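Here is a guided walk through one protein model. Take the parts in turn and follow each one in the structure.

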Amino acid sequence: MLKSSSIHTPLLTKALGEKLFIEEETVPIESIDEVYGAPKRLESIHGVTVCQLQLRSYSLHRLDFYVEFIQRAAYAMNIPCSGNIPLPVHKKRWVVLKSPFVHKSAMEVFERRTHKRLVQIRDTNIETLEKWIKYVEDNVPGGIGLKCKVFEYEKVGFGATMKIDQIEAKKAQETAASLPANKEDIKKIADIVVEALSKNPKANIQELTKDAINSIIPKNKALEK
């Protein structure tokens, strides 16, 4: 336990001429560690990354302070969070002439450094993650930019449960029917496209591929008949 009292007590006593009685306040060590100590973090069990939050700022002190705030918020919401991951510093320089004419060789260099940090969130459902992201965005200080990338995972076989419109399904069937069925046809189409591009490098690849498919597939169908 720590004891804290007012440092202005002797000054007030001297000014008022009376003895002041101020009760000493006891402050637990745990509360001090929570504010000034390193932020606590929950360890990930499965190690599945669900979010990557990238922070950018010109002020390194402000950036690291906000990263600690983000980690404390994640710990309070029982979210496994990574540590402060530093990213490469982006440097940009400008060279400006000090004076024209005879002093042209005298130049001045200005530099701007953009500091970056990365925080990863793991093993968290999407509802809790959205609340955490909203809380982080609402309390972002000035001079810090955020870039959030969220990963969503589905069960195996989820694509079979997706509903596709009839128009899209018909287009997919037509595209599949127009494609070559064996490796020899694919090789012939590739040779035709490469030969056409060697003659005209600025030609459209998609149009050349369509023409090559139309020139080969009808021949094969005629032979099958």
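**Charged pairs**

Arg93, Glu111 and Arg113 are linked in a network of salt bridges. A salt bridge here is a side-chain nitrogen of Lys or Arg within 4 Å of a carboxyl oxygen of Asp or Glu. Side chains of opposite charge can pair when their charged atoms come close. By this rule the count comes to six salt bridges.

Before going on, note how the model is read. It is a predicted model, in which local features need pLDDT of at least 70, side-chain atom pairs count only at pLDDT 80 or more, and totals for chains, interfaces and linings use all residues. Residues are numbered from 1 along each chain as its sequence is written, and side-chain values use heavy atoms, with hydrogens and water left out.

Helices (H or I, at least four residues) and strands (E, at least two) are DSSP runs, numbered from the N terminus. Look at helix H3, residues 60-76. Glu68 and Arg72 both lie there, four residues apart, about one turn of the helix. Their side chains meet in a salt bridge, at 3.9 Å from N to O. How exposed are these two residues? Glu68 is partly exposed, with a relative accessible area of 34%. Arg72 is also partly exposed, at 26%. The cut-offs are these: buried means under 20% relative accessible area, exposed means over 50%, and partly exposed lies in between (1.4 Å probe, protein chains only).

Helix H4 covers residues 126-138. Here Asp138 and Lys134 are separated by about one helical turn, because they are four residues apart. Their salt bridge spans 3.0 Å, N to O. Asp138 is exposed at 53% relative accessibility, and Lys134 is exposed at 52%.

Helix H6, residues 183-199, holds another pair. Lys199 and Glu195 are four residues apart, so about one helical turn separates them. Their side chains meet in a salt bridge at 3.8 Å, N to O. Lys199 counts as exposed, at 68% relative accessibility. Glu195, at 47%, counts as partly exposed.

**The sheet**

Now turn to the strands. Four of them form an open sheet, in the order S4-S5-S3-S6, with antiparallel pairing. Two strands pair if DSSP finds at least two bridges between them. The edge strands are S4 (85-97) and S6 (144-150), and each pairs on one side only. On average, neighbouring strands of this sheet are turned by 20 degrees against each other, direction ignored.

Helix H3 packs on this sheet. It touches strand S3 (49-57), S5 and S6. Contact means heavy atoms within 4.5 Å. The direction of H3 makes about 5 degrees with that of S5. Axes are lines fitted to C-alpha atoms, for helices over the stretch in contact, and angles run from 0 to 180 degrees between N-to-C directions.

Follow S4 next to S5, which spans residues 107-122. The two pair in the antiparallel sense over eleven bridges. Leu97 stands opposite Met107 in S5.

Which residues form a nonpolar patch on the surface? They are Val95, Leu97, Met107 and Val109, with about 380 Å² of accessible area together. S4 and S5 each supply at least two residues of the patch. Val95 is found in S4 and counts as exposed, at 56% relative accessibility. Patches are made of residues with over 30% relative accessible area and no salt bridge: like charges are joined within 9 Å, nonpolar side chains (Val, Leu, Ile, Met, Phe, Trp, Tyr) within 5 Å. Accessible areas come from the Shrake-Rupley method with a 1.4 Å probe; for residues, only the protein chains shown count as cover.

**Two loop residues**

Asn78 lies in the loop between H3 and S4. Its phi is near 60 degrees, a positive value in a residue other than glycine. Asn78 is exposed, at 60% relative accessibility. Asp123 lies in the loop between S5 and H4. Phi of Asp123 is near 55 degrees, again positive in a residue other than glycine. Asp123 is partly exposed, at 25%.

**The whole protein**

Step back. The secondary structure comes to seven helices and six strands. Buried residues make up 19% of the 225 residues. The protein exposes about 17900 Å², and carbon and sulfur atoms supply 57% of it.
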